[in-house]
Amino acid sequence: MRDLARAIEAFLNGLPAEYHELVNSHNVIVRQVEHHILASCHCVMRSNLPVMEVHDVAGALEDRVKEKFPQISRITIHPEPQED
């Protein structure tokens with residue numbers, strides 16, 4: 001699970017070129033519950049974004065992670081504002 005968490009973090013941290021709203025990701029946690037693999041992480045987003053845009057980007061990032069890592073049943077991204 002630790003290797004998968006590191007791979008997810010590296011994948012997400014490679015996406016700011018594609019998603020300019022994303023600054024970085026950290027604190028990726030992966031765990032297995034019964035027969036499902038669940039992941040969560042924190043993603044720092046640019047602080048000047050409207051809330052709806054932050055949620056849209058988080059949803060798109062969740063979709064990208066699930067495409068890249070099909071073994072994940074669910075990923076939850078917790079957006080955080082960028083500190084100035």
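Helices (H or I, at least four residues) and strands (E, at least two) are DSSP runs, numbered from the N terminus, while axes are lines fitted to C-alpha atoms, for helices over the stretch in contact, with angles from 0 to 180 degrees between N-to-C directions. The model is predicted, so local features need pLDDT of at least 70 and side-chain atom pairs count only at pLDDT 80 or more, whereas totals for chains, interfaces and linings use all residues. Residues are numbered from 1 along each chain as its sequence is written, and side-chain values use heavy atoms, with hydrogens and water left out.

Turn next to strand 1 (residues 22-33) and strand 2 (residues 36-45), which run antiparallel and are joined by 9 bridges; pick V30 to find its bridge partner A39 in strand 2. In the hairpin of these strands, which has 2 residues between them, E34 takes a positive phi near 55 degrees. On the other pairing, strand 2 and strand 3 run in the parallel sense over 9 bridges, and M45 stands opposite P81 in strand 3.

Within strand 1, select S25, which is buried, with a relative accessible area of 3%; buried means under 20% relative accessible area, exposed over 50%, and partly exposed in between (1.4 Å probe, protein chains only). Leaving aside neighbours within four places in sequence, S25 is in contact with E9, L12, N13, H42 and C43.

Finish at F11 and F69, both buried. A search of the whole structure finds 1 aromatic pair: the ring centres of F11 and F69 are 5.9 Å apart and their planes stand at 85 degrees, so the pair is edge-to-face. Rings of Phe, Tyr and Trp (its six-membered ring) pair if their centres lie within 6.5 Å, and planes under 30 degrees apart count as stacked, over 60 as edge-to-face and the rest as tilted. The pair links distant parts of the chain, 58 residues apart, with F11 in helix 1 (residues 2-13) and F69 in the loop between helix 2 (51-68) and strand 3 (72-81).

Methods:
Pairing = 2+ DSSP bridges. Contact = heavy atoms within 4.5 Å.
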